[in-house]
Amino acid sequence: MPASYIERLIWKFVREQILEGFLIFLSKPVFPVTLAICMIIFLKWYFNQLFLEALIIAFMLIVIGIIGYKRAVNIIVGVILSIMIIIYFVSKILFKIPTFFVLEMRLFEVGMLTLLGWLIFNSSMLIIQLWEFFASTAGLYLFLGSDKKRIFLSPFPQILASISIPMMFLKAPNLSLIDICLILSPLLSTFIALYGITKDWGRIVRGGLSIYLIVVAYSLLGYIAQLGAVYATSFWVIISILSLLFSAQKYSRTKLDGNREYKITYFAYAVIGITLLAFVLFFSPNSEYSLSVIDWWRLSLVATTIAPIVSIVYIQKSGRLEYYIKRDSLSIFDLIKESIIAVGRISLEELKKVFLRKISEFFAGIKP
């Protein structure tokens, strides 16, 4: 059964902007490092240790990826890097090599800061994903019939997020001043971004922030109601997976000049490093590195507060803001043209059939 035109456009966006991120991990220059990291995760689980070493390797990959985020990587670099990682970890296990230079680190604090950075990254990438979707052909169809000042789904996200205010007053005796500040800060940050900074930036940017308010509401209600660990982690795991795939697809490959081929950049190693970091923090069996549910919710609220600022700075510095404003001004005829190109010849044939049928019905209805 064929999908509708809008469904095809949505799936095209999901396939090209998210799911193709899997291919980055399996590409020739990156696959050796992917394999080495999988081995590290297995060794960590099997020997019930290696938290510190895995953390160091994760930071090393992130630094390499950030420094060379625009440079193409080849398979030789991937093989050498993976061999070095594997040799070190095998030697560490067999000969019990101590880690002198970081032995005195406060790992819990490092883990907390790393997790906060991880949540900020995922929250920011979620906002950017929403903007990219609304800037796509399928996303722009959702704005048809609205004016340039319209906020998508308004006022539902605003009401949902604002519910936390009366809930906060109901639980006021059990909340400290820090708790109240943590509850108010995500609301202030997002509302200032939505109604202040981005007031004249068009429906794409404001629509993404409107949907993001739902995420803010989830974190606020979860913190106030003190929902359990399953509620605290499951939603963020989904966001983390989506943001990683989106990052891998969008920033780990660049198009070569003059053709349709792509080159894999060093940023792919940063994505792998972040993935390793997530496994280390989420699945460390040592209680010294475990986080309470309240700590998790507090970090989530801080991340959701900072993410709109990070995302806005990014689109201003990267030039994406001009792209979003330009896309927001496309006419219905431009969208129809893009739809026909995106869906392909099948769409064109379907439109021809509809047009010919309408013409034949029109002439059949004319009385002689």
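Helix axes here are lines fitted to C-alpha atoms over the stretch in contact, and angles run from 0 to 180 degrees between N-to-C directions. The model is predicted.

**Overall make-up**

The protein chain holds 17 helices and two strands. Of its 368 residues, 45% are buried. Among contacts with a separation of 6 or more, 82% link residues 24 or more positions apart. The accessible surface comes to about 20000 Å², and carbon and sulfur atoms account for 71% of that surface.

**The α10–α14 pair**

Two packed helices are described by the angle between their axes and the distance between the axes. Helix α10 spans residues 177–197 and helix α14 spans residues 293–318. Their axes come within 9 Å and cross at roughly 20 degrees. Angles under 35 degrees count as roughly parallel, so α10 and α14 are roughly parallel to each other. The crossing is left-handed. On the α10 side, the contact includes Leu182, Ile183, Pro186 and Ala193. On the α14 side, Leu301, Val302, Pro308 and Ile309 are among the residues involved. The contact residues divide into ten nonpolar, five polar and two charged.

| Site | Feature | Value |
|---|---|---|
| Serine 154–proline 155 | cis peptide bond, omega | about 10 degrees |
| Leucine 153 | positive phi | about 65 degrees |

Proline 155 lies in the loop between α7 (137–141) and α8 (156–162). Leucine 153 is found in the loop between α7 and α8. Leucine 153 is not a glycine, yet its phi is positive. Is leucine 153 buried, partly exposed or exposed? With a relative accessible area of 41%, leucine 153 is partly exposed.

Terms used: Residues numbered from 1 in each chain as written. Predicted model: local features only at pLDDT ≥ 70, side-chain atom pairs only at ≥ 80, totals over all residues. Heavy atoms only, no water. Helix = DSSP H or I, 4+ residues; strand = E, 2+ residues; numbered from the N terminus. Buried < 20%, exposed > 50% of the residue type's maximum accessible area, 1.4 Å probe, protein only. Contact = heavy atoms within 4.5 Å. Areas by Shrake-Rupley, 256 points an atom, 1.4 Å probe, with all protein chains shown as cover. Parallel < 35°, antiparallel > 145°, perpendicular 65-115°, else oblique. Left-handed = near helix turned anticlockwise from the far one by under 90°. Nonpolar A, V, L, I, M, F, W, Y, C, P; charged D, E, K, R; others polar.
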